[in-house]
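The tour below goes from one selection to the next.

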Amino acid sequence: MGVGKSTVGRILADRLGLGYRDTDDDIERTAGRAIPEIFIDSGEPHFRALERTAVGTAVAEHRGVLALGGGAVLDEGTRALLTGLPVVFLDVGVSEAVKRVGLNAPRPLLAVNPRQTWRELMERRRPLYTEVARVVVGTDDRTPEEVAEAVLDALELRRPAEGTPRTPSQEKKA
């Protein structure tokens, strides 16, 4: 939460010439209501079931940049789906996350004592994020454009300039 995955994801998709998809948007479209409403009306277990389905569908169908909700990695099946994919964990510190998310934002999991709750969520989720991530990119004190550049560098996804020979590792990815 507050890491900038949607903004950075859109920038990456644009720079790579790929489509962008966010599973949170998929969930809201399918459910016909906002995520906070799903949490309030149906509870977190129902939301996580919708999320599991949305991630499975998106991984099967989408070949561009895909942003997952922060809790998607809680599901063991979702973690298995992500194995071997170029997953990036965008990391953010608590003070930066609070600045970005704010204390009034409609984040159901941060409704009570946002700073403490965020810390507890991250303590539980961080090992899962690092388990599935190929790379970790810090976002503190960086613009979304700088984060996108760091992701491109970390995943070695830079396109060579016209007429520049490709390296063997770039040939494998092409």
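Predicted model: local features only at pLDDT ≥ 70, side-chain atom pairs only at ≥ 80, totals over all residues.

Asp141 is exposed, because its relative accessible area is 71% and the cut-off for exposed is over 50%. To place Asp141, find the loop that runs between strand 4 (135-138) and helix 8 (144-154). Now look at the backbone: the phi of Asp141 is positive, about 60 degrees, although Asp141 is not a glycine.

Next, select Glu156. Which two helices does the loop holding Glu156 lie between? The loop lies between helix 8 and helix 9 (168-173). Glu156 is not a glycine either, yet Glu156 has a positive phi of about 55 degrees. Is Glu156 exposed or partly exposed? The relative accessible area of Glu156 is 49%, and exposed requires over 50%, so Glu156 counts as partly exposed.

Then go to His62. This residue sits in the loop between helix 4 (44-61) and strand 2 (65-67). His62 has a relative accessible area of 17%; buried means under 20%, and therefore His62 is buried.

Keep His62 selected and show what is around the side chain. Which residues does His62 touch, leaving out those up to four places away in sequence? They are Gly19, Tyr20 and Arg21. For the last stop, pick out Gly19 from that group. The backbone oxygen of Gly19 is 3.4 Å from a polar atom in the side chain of His62. Draw a distance line between these two atoms to see the pair in the viewer.

Conventions. Residues numbered from 1 in each chain as written. Heavy atoms only, no water. Helix = DSSP H or I, 4+ residues; strand = E, 2+ residues; numbered from the N terminus. Buried < 20%, exposed > 50% of the residue type's maximum accessible area, 1.4 Å probe, protein only. Polar contact = N/O pair within 3.5 Å; in protein donor to acceptor, adjacent residues only side chain to side chain. Contact = heavy atoms within 4.5 Å.
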